[in-house]
Amino acid sequence: MYLKNELIVAFAIPLTLLALPVHADVYRCTTDNGSVTLSNVEKGQNCKKMALPPPESKRSTPAKSDSAPKAAPAADIKPADKPKSTYDTAASERKRIIQEEMDLEKVRLNAVQSRIKDLAAAPNKTPDQVKDLVALQQKENLHSSNLQILQKELNK
């Protein structure tokens with residue numbers, strides 16, 4: 001009986017230590033050429049200790065009662081109910097970002113086209129206006145090609 005208690009204590013203490021949150025100091029070190037490294041060791045005068053938020057504690061799961069309904073097997077879960085994979089999440093985020101970029105390019109293209117229309121309507125153009133018109137036409141071509149590239153990326 002005495003040996004059994006010793007074994008329980010011998011295994012219980014290390015297990016409780018594993019459950020404790022681990023915290024380490026993190027230092028942000030800047031070199032002379034401007035590069036930044038993060039380390040758990042202070043490497044000189046250019047290192048500053050970072051103030052980090054405390055680590056998140058694990059949430060304890062509530063105790064289940066016997067009257068609670070059992071979870072449905074994975075085969076019964078509809079595809080829409082299943083959590084998205086990391087790949088699916090990344091792919092949808094990529095599409096969202098590309099769509100935002102396309103919307104911005106369309107706004108920029110419309111603004112440039114409006115300015116081109118205004119400048120083109122002027123009957124007697126000064127040399128500066130002609131330069132501006134040429135520069136705006138180059139921007140229009142750039143925005144149009146950006147839209148084409150973004151559309152190809154979106155279709156992938």
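Student: In which helix is His143 found?
Tutor: This is a predicted model: local features need pLDDT of at least 70, side-chain atom pairs count only at pLDDT 80 or more, and totals for chains, interfaces and linings use all residues. Residues are numbered from 1 along each chain as its sequence is written, and side-chain values use heavy atoms, with hydrogens and water left out. Helices (H or I, at least four residues) and strands (E, at least two) are DSSP runs, numbered from the N terminus. On that numbering, His143 is in α3.

Student: Is His143 buried or exposed?
Tutor: Buried means under 20% relative accessible area, exposed over 50%, partly exposed in between (1.4 Å probe, protein chains only). His143 has 11% relative accessibility, so the label is buried.

Student: Which residue's side chain makes a polar contact with the side chain of His143?
Tutor: A polar contact is a pair of N or O atoms within 3.5 Å; within protein, one must be able to donate a hydrogen and the other to accept it, and residues adjacent in sequence count only if both atoms are side-chain atoms. Contact in general means heavy atoms within 4.5 Å. Leaving out residues up to four places away in sequence, His143 touches Glu105, Arg108, Leu109 and Val112. The polar contact, at 2.6 Å, is with Glu105.

Student: How far apart are the C-alpha atoms of Val134 and Ile116?
Tutor: Val134 also lies in helix α3, residues 127-155. At 40% relative accessibility, Val134 is partly exposed. Ile116 is 18 residues from Val134 along the chain, and the C-alpha separation is 9.0 Å.

Student: What pattern do the helices and strands follow along the sequence?
Tutor: The protein has three helices and three strands. Read along the sequence, they give α-β-β-β-α-α.

Student: In what order do the strands form the sheet?
Tutor: Two strands pair if DSSP finds at least two bridges between them. β1 (residues 27-30) and β2 pair over four bridges, in the antiparallel sense. β2 (36-39) and β3 (47-49) each pair on one side only, which makes them the edge strands. The open sheet therefore runs β2-β1-β3.

Student: Which residue in β2 is the bridge partner of Cys29?
Tutor: Strands of a sheet pair through backbone hydrogen bonds, either parallel or antiparallel. Here the pairing is antiparallel. The partner of Cys29 is Thr37.

Student: Which backbone nitrogen does the side chain of Ser39 reach?
Tutor: Ser39 lies in strand β2. With 12% relative accessibility, Ser39 is buried. Beyond four places in sequence, Ser39 touches Asp25, Val26 and Tyr27. At 2.9 Å, the side chain of Ser39 reaches the backbone nitrogen of Val41.

Student: Which residue forms a disulfide with Cys29?
Tutor: A disulfide is a pair of cysteine sulfur atoms within 2.5 Å, and the count here is one. Cys29, in strand β1, is linked to a residue in strand β3, 18 residues apart. The sulfur atoms are 2.0 Å apart, and the partner is Cys47.

Student: Is the disulfide of Cys29 and Cys47 right-handed or left-handed?
Tutor: Cys29 is buried at 6% relative accessibility, and Cys47 is buried at 8%. The torsion about their S-S bond is about 110°, so the disulfide is right-handed.

Student: What share of the 156 residues is buried?
Tutor: Among contacts between residues at least 6 apart in sequence, 43% join residues at least 24 apart. The buried share of the 156 residues is 12%.
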